[in-house]
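Try each task with the structure open before reading the solution.

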Amino acid sequence: MVQLTWPHEETDWAEMLDEVYVCFIAIAREVTKREHLLVVTPHPVRVEKQLREAGVSMERVTLHECPTNDTWARDH
């Protein structure tokens, strides 16, 4: 399983979210071709919509609602 902490307006990516979403969606697409993906986000409905619209296979995605203020994560 691979975990991504999803970027949003209250993270260090706020000034360039559109560009960052393209990158994170590409990562999600590649991961779900091979592995299960856990996405941690305070906005699971929004992220699910982004992923579905981008054609990411949701069969291998678990969304977990959790407040975050940064996308860099360790020790989990």
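Two residues are in contact if they have heavy atoms within 4.5 Å of each other. The model is predicted.

**Exercise 1. Which residues does Leu37 touch, and is Leu37 buried or exposed?**

Solution. 
1. Locate the residue: Leu37 lies in strand β2, which covers residues 37-41.
2. List the contacts, leaving out residues up to four places away in sequence. Leu37 touches Val2, Leu4, Ala28, Val31, Thr32, Arg60, Val61 and Thr62.
3. Apply the cut-off: a residue is buried if its relative accessible area is under 20%. Leu37 has a relative accessible area of 0%, so Leu37 is buried.
4. Compare sequence and space: Leu37 and Glu59 are 22 residues apart in sequence, and their C-alpha atoms are 9.5 Å apart.

**Exercise 2. State the strand order of the sheet and how the strands pair.**

Solution. 
1. The sheet is open and has 3 strands in the order β1-β2-β3, with parallel pairing.
2. β1 and β3 (61-65) are the edge strands, each pairing on one side only.
3. From one strand to the next, the twist averages 20°.
4. Count the bridges: β1 and β2 are joined in the parallel sense over 4 bridges, and β2 and β3 over 5 bridges, also parallel.
5. Read off the partners. Val40 of β2 is opposite Thr5 and also stands opposite His64 in β3. Val39 has Leu63 in β3 as its bridge partner.

Strands of a sheet pair through backbone hydrogen bonds, either parallel or antiparallel.

**Exercise 3. Trace the chain between the strands and place the helices. What is the handedness of the crossover from β1 through α1 to β2?**

Solution. 
1. Consider the pair of Thr5 and Val40, which stand opposite each other in the sheet. The chain passes from β1 through α1 to β2 in a right-handed β-α-β crossover.
2. Now take the pair of Val39 and Leu63. The β-α-β crossover from β2 through α2 to β3 is right-handed.
3. Place the helices: α1 (residues 17-32) lies across β1, β2 and β3 and runs at about 165° to β1. Helix α2 (residues 44-53) lies across β2 and β3, at about 155° to β3.

**Exercise 4. How many residues of β2 are buried, and which way do they point?**

Solution. 
1. β2 is mostly covered, with 5 of its 5 residues buried.
2. Sort the residues by direction: Leu37, Val39 and Thr41 point one way, while Leu38 and Val40 point the other way.
3. In a regular strand the side chains alternate between the two faces of the sheet.

Conventions. Residues are numbered from 1 along each chain as its sequence is written. This is a predicted model: local features need pLDDT of at least 70, side-chain atom pairs count only at pLDDT 80 or more; totals for chains, interfaces and linings use all residues. Side-chain values use heavy atoms; hydrogens and water are left out. Two strands pair if DSSP finds at least two bridges between them. Helices (H or I, at least four residues) and strands (E, at least two) are DSSP runs, numbered from the N terminus. Axes are lines fitted to C-alpha atoms, for helices over the stretch in contact, and angles run from 0 to 180 degrees between N-to-C directions. Buried means under 20% relative accessible area, exposed over 50%, partly exposed in between (1.4 Å probe, protein chains only). A crossover is right-handed if, with the strands pointing away from the viewer, the path from the first strand over the helix to the second runs clockwise.
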